[in-house]
Amino acid sequence: MLKNMPLFNKRSAKKEADSVPVLGGLGDTNGHNGDLDGGRYGGERELLHNQSAPPTPQRQPLVFHCQQAHGSPTGLICGFSTVRELYQKISECYDFPPDDILFCTLNTHKVDMTKLLGGQIGLDDFIFVHRKGRPKEIEITKTEDALGLTITDNGSGYAFIKRIKEGSIIDSLQYVQVGDHIEKIDRVSVVGRRHFEVARMLKEIPKGATFTLRLVEPLKAGFSNIGPRSGPRQSKGYGNGKGTLRLRGNGPAQIEELPDASMQLAIDNINASLENFMGINDTELATQIWEKAEGKSNSMDFAEAIDNSDLEEFGFTDDFIIELWGMITDARDGRLKPK
């Protein structure tokens, strides 16, 4: 007597593939399979008649080349979504604490503030990390209303000097240099404060008062003015020179197209206005302001978008909001001129 036989093989339980960590390390030229957020790819499953589905193609991780600005071997860095995570990966690669990093520059080992790493990294950019060097204390008498400093921060709690105005009080002090981290103002630590908070503290010092700045300069080497032996190599994976990796403080990193000419001009002008209004320079902040204007048709809607976002903490005045809106509309209509 024939027994009942199944028409098909029994479907096996779905198996999940082990996740593969994405790590950065010295000389790791092979890289690791994985994704920016450390996610895992789908497992295998059996189809009818035990025919396996073709494997899901795995996307190569973004890998960036890195060196210490004062000299080091080249490291491979990947698996980060924020500036803090980038610093952590760099510190693991070179085995030093992440809070030893002052800032990073792109494609140059020099303290060049025009090449400062902000919220975006070009897909082919070479990262140079500048570490803490010698501390120093400077006593300053505020003989003018403005000190002549433009301040930015590294996205991880360190404010530092980005620009010194020619002929200003600070310009006359040879020991204060661009790239110096502002650690204390009159023995009050400003570590962990944003650039606009530090700028406000300096602005509120009364004219005629004498105060002390404790600064930390970037670590220097005897060959600091000599370029690296080999230029930046083209990164593997996504690198095509046509996009940037956008680092976000509250979400995963995203690959974006480079801004067009009108958008870049607007961002540059917004940044210049931030410098005049608040004494800070922050391309990422200027980019966020531009993005808040998307889909807005008047200054009131724009102001409401600012107030309902993280940008509210900057305390922009109504007049400044109107000035920003004028730049944005001029950029949209092609009327904006460089500042």
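**Reading the backbone and surface**

Author: Let's start with Arg187, which is exposed, with a relative accessibility of 80%. Exposed means over 50% relative accessible area, buried means under 20%, and partly exposed is in between, with a 1.4 Å probe and protein chains only. This is a predicted model, so local features need pLDDT of at least 70 and side-chain atom pairs count only at pLDDT 80 or more, while totals for chains, interfaces and linings use all residues. Residues are numbered from 1 along each chain as its sequence is written, and side-chain values use heavy atoms, with hydrogens and water left out.

Reader: What is the phi of Arg187 near?

Author: The general idea comes first: most residues other than glycine have a negative phi. Here, phi of Arg187 is near 70°, a positive value in a residue that isn't glycine. Asp186 also has a positive phi, of about 50°, although it is not a glycine.

Reader: Where is Asp186 placed, and is Asp186 buried or partly exposed?

Author: Asp186 sits in the loop between β9 and β10 (188-189), and Arg187 lies in the loop between β9 and β10 as well. Those labels are DSSP runs numbered from the N terminus: helices (H or I) need at least four residues and strands (E) at least two. At 39% relative accessibility, Asp186 counts as partly exposed.

Reader: Next, contacts across the chain. How many residues apart in sequence are Ala159 and Val190?

Author: Ala159 and Val190 are 31 residues apart in sequence, and C-alpha to C-alpha they are 7.9 Å apart in space. Ala159 belongs to strand β8 and is buried, with 0% relative accessibility. Leu173 is 35 residues from Ile138 in sequence, yet their C-alpha atoms are 8.7 Å apart. With a relative accessible area of 23%, Leu173 is partly exposed.

**Cysteines**

Reader: How many disulfides does the structure hold?

Author: You look for a pair of cysteine sulfur atoms within 2.5 Å. This structure holds 0 disulfides. Take Cys78: its closest cysteine sulfur is in Cys93, 9.8 Å away, which is too far for a bond. For Cys104, the closest cysteine sulfur is in Cys66 at 6.3 Å, again too far for a bond. Both examples are buried: Cys78 has 3% relative accessibility, and Cys104 has a relative accessible area of 1%.

**Aromatic pairs**

Reader: How many aromatic pairs are there?

Author: Rings of Phe, Tyr and Trp (its six-membered ring) pair if their centres lie within 6.5 Å; planes under 30 degrees apart are stacked, over 60 edge-to-face, and the rest tilted. The structure holds 10 aromatic pairs. In one of them, Phe64 and Phe80, the ring centres are 5.8 Å apart and the planes are at 45°, so the pair is tilted. Phe64 lies in strand β2 (residues 64-68) and Phe80 in the loop between β3 (75-77) and α1 (83-94), so the pair ties together parts that are 16 residues apart in sequence. Both Phe64 and Phe80 are buried.

Now compare Phe277 and Phe320: the centres are 4.2 Å apart and the planes at 10°, so the pair is stacked. Phe277 is in helix α3 and Phe320 in helix α6 (residues 318-332), so this pair ties together parts 43 residues apart in sequence. Phe277 is partly exposed at 29%, whereas Phe320 is buried at 3%.

Reader: Which residues do ring pairs link into a cluster?

Author: Phe196, Phe277, Phe314, Phe316 and Phe320.

**A pocket**

Reader: How much space lies in the second largest pocket?

Author: Rolling a probe the size of a water molecule over the atoms shows where empty space is left. On a 1 Å grid over the protein atoms alone, with a 1.4 Å probe, a pocket is an open set of points with protein on both sides within 12 Å along at least five of seven lines, and lining residues have an atom within 4 Å of a point. The second largest pocket has about 490 Å³ of space. It is lined by 19 residues, and the closest to its centre are Ala146, Gly148, Leu149, Glu275 and Gly279.

Reader: Which element gives the most to that lining?

Author: α3 does, with 4 residues. β7 (149-153), β8 (159-164), α2 (195-203) and α3 (261-278) each supply at least two. Domain 1 (63-218) and domain 2 (259-333) both give lining residues, so the pocket lies between them.

Key:
Grid points are joined across faces, edges and corners, and a volume is the space filled by probe spheres set on the points. Domain bounds come from an automatic or database domain assignment.
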